[in-house]
Amino acid sequence: MLPRYSFFIKLMIFTTLVSTIPLLSLGIYSFFQSTSKVQTKVNEANVFILQQSQNRVEQILKVIDQVSGRYAETPLVVNSVAKRLEIEDFQDIDLLVKGLLGVQTYELGVKAVELHSLQNNWYIKDGGFYFGTDKTKETSNVNVAYNSRWVPDAGPSFSGIKLVKSIPSAGSEQKGYLSVHVSNSELAKLLTGGFSTRETMILDDQMNVIIDSNPNKTGQSVRSESWSQELLNTGSMQGYFNSKLQGKDYSVIYNQSRYNNWTYVSLIPLEEAKKESASIGWATLTACLLLLLFTALLAYWGSRRMSVPIRSLVEFTMRHSKPANGGTVVKDELQWVGTQFASLHQSKEQLEGQMKSQFGQLVDYFMLKLFQGEMHRGELQEKASQFHIPVWRRYAVMVLQIDTLEHTRYKPGEQDLLLFAINNIASELIPHPHRIHAMPIGNYQVTLVGSEMDNHRDLLSQLSEFAESVQKAAADFLELKVSVGISRPYEAINETPQAFLEAKEALQYRIRLGEKAILHLDDLKPQQASRHYYPHHLVSELTQAIAFLEKDKADELLQQFIQEVLRVETDPNLYRISFAMLLTDLARIVYDMGDTGELFSHDGRNEYEQLFSLKTPQEIEGWFKSHIIHPMIELVRKRHESSGKSISRSVMDLVHAYYDSDLTLDQCALRMNYSTHYIRRMFRKETGMNFSDYLASYRHDMAISWLSGTEMKITEIAERLQYTNAQNFIRNFRKLEGMTPGQYRELKKTSE
């Protein structure tokens, strides 16, 4: 017996929980994030406001400083303070007073300007001229290291700051000074900027209040405040932090001025930001409650709509199912439906399994003959109809091959099993009916694909997507690097054998493009006639590196050689010819060194067959290193253990160092303290060539290197290589390379 509405109740509970838990989590997270962001934004805004207030104050101070500085540097002022003025000098005094009145700009907050002569004991103050000193109250201000500075003015009759400028400003002896007094109240207005809820102040380097929006605090020290110690310990020029002031939480905003080393500070109560956070919290709570109510109603409505078809299906299956012995009790409707469908599916699978076991083998045999071109057109049409091969507007063949099994966890004997695994991956990832058939053939996994696309570019893009999906799955699940060759799209299915050959031909271009490549034959075929390029100069440098036991340099030159060969777009077979030529040149060197079988193995394997079986640049480079170059270096190392090794290497080093001088074998013998005849014999025995030939060959290699890699003039190259004139160099170069140096340079530029 089935419980009534059990599925509906479970679905209702589930949908409610699924919608409620994320919503509550999101609401809580949003509340804390928003409050944190609000506090951060408020502090950043306050920093900006404080910086604006600082800019306003410092702009006024700088203007006053500039105006007073121009006045103090005038010849009249400088000359006047250096002499004793008398009543008879009333014209100069009048000019000085008028100049002071020009400095005393009330719009800038300047309340008083004074001019003092220290040497002649007179001063001008409030428009009057006086003899003597003004109780020497200013003399201490000029006995400092600064010629101009702002200092607090804490006199009994004036509250503010003042600018003291020495006269003259650049002299070693101060003859007088100019004192400009600015009102504290005017600067305090600039600090507050219209905000009544914050307290803004300016502190000197001793933490004394210079200017405060509260006039009663001017001149007081704030070192006793807890926030002042935090301010001293920040170590930054600008920022903010939270602190307590009189038991309340405050945000302390600070900015240290580079103009006069004052610190601008704003103390702002945190209640403002908390009010904003509280409003955000209530808004978030209200929104969450409304959304919870809405999701509950939606869950009820959706669960009811979803449970009705299930209930109808249960009632239908109960009417048409055979009664079970003992009356089986199930928990809910879905379990009952699942039991009925499992029984139906089991019967269906048994029937389909018997049919597929034989039908699949026939299809594989038909497709194998199709790929290999063993079917005539009449038989092809008949079999395609018999095996339900779909008809498409366009077809294409995709051939996949494993790049390498080296450095993987697989053995070479497991390649067939891996191809079957990749074939299963391709069958699952390339959707039916686009995938007509997929099967392994030899060392390849082959897939016949169909499409209705007319646009050639769109079709190639679709094929590339199929190839990328299979390639990625092979890397993720099998940890294998595979490449895919794609044939040209074609319209008639009887062209499949030719397409199969084209896809395999596309895979050959891995020798240039490397591993994990997706290769379209149309994109790879050279547009012009194939060219063969063999960089002789790199081979020469490589053989020298081997001879000098320079393993790292030999590896680097091998890599450059492969890159240079593959840089030219041509047929893959021509690349293999270049690599075979390199193998031949290296084998000739081994033979010249007198190899007796130490390098090339005699296990029945042919090195050229091994080379031609390599598919990617990485494999070719690794094979040359492990099978040819590194064994050659070891062979040379063994040869160098003989007595002639140190002599020939020393001669080569001298050639490399002094090839651009008039170097002779006699000079080498003199440097090495050996006889010329002995060095000549040992060098020829070790290297297989005469000293003069080696010197000429190395100079020729350097000429090739300079022609291809530098802009040196041909005459300069000839001179550096010790030719008597450029014509001899050109004649010798043409004899060796079959072209002039200029033609060789142009050829290199064209090939690049």
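Biologist: How do helices α23 and α26 cross, and at roughly what angle?
Modeller: This is a predicted model. In it, the axes of α23 (residues 691-709) and α26 (residues 741-751) come within 8 Å and cross at roughly 50°. The two helices are therefore oblique to each other. Their crossing is right-handed.

Biologist: New topic. How many salt bridges does the structure hold?
Modeller: There are 19 salt bridges. One of them joins the side chains of Asp65 and Lys165, at 2.9 Å from N to O.

Biologist: Where in the chain do Asp65 and Lys165 sit?
Modeller: Asp65 is in helix α1 and Lys165 is in strand β5 (residues 160-167). They are 100 residues apart, so the pair links distant parts of the chain.

Biologist: And is Asp65 buried or exposed?
Modeller: Asp65 is buried, because its relative accessible area is 19% and under 20% counts as buried. Lys165 is buried too, at 10%.

Biologist: Which salt bridge partner does Lys625 have?
Modeller: Glu621, with the closest N and O atoms 3.1 Å apart. Both lie in helix α19 (residues 617-640). They are 4 residues apart, about one turn of the helix. Glu621 is buried at 17%, whereas Lys625 is partly exposed at 21%.

Biologist: Which residues are linked in a network of salt bridges?
Modeller: Arg393, Glu452 and Asp454.

Biologist: What about the surface? Which residues make the nonpolar patch of about 380 Å²?
Modeller: Ile9, Ile13, Leu17 and Ile21. Leu17 is in helix α1 (residues 6-72). Leu17 counts as partly exposed, at 47% relative accessibility.

Notes
Residues numbered from 1 in each chain as written. Predicted model: local features only at pLDDT ≥ 70, side-chain atom pairs only at ≥ 80, totals over all residues. Heavy atoms only, no water. Patch = residues over 30% accessible without salt bridge, like charges linked within 9 Å, V, L, I, M, F, W, Y side chains within 5 Å. Areas by Shrake-Rupley, 256 points an atom, 1.4 Å probe, with all protein chains shown as cover. Salt bridge = Lys/Arg side-chain N within 4 Å of Asp/Glu carboxyl O. Buried < 20%, exposed > 50% of the residue type's maximum accessible area, 1.4 Å probe, protein only. Axes fitted to C-alpha atoms, helices over the stretch in contact; angles between N-to-C directions. Parallel < 35°, antiparallel > 145°, perpendicular 65-115°, else oblique. Left-handed = near helix turned anticlockwise from the far one by under 90°.
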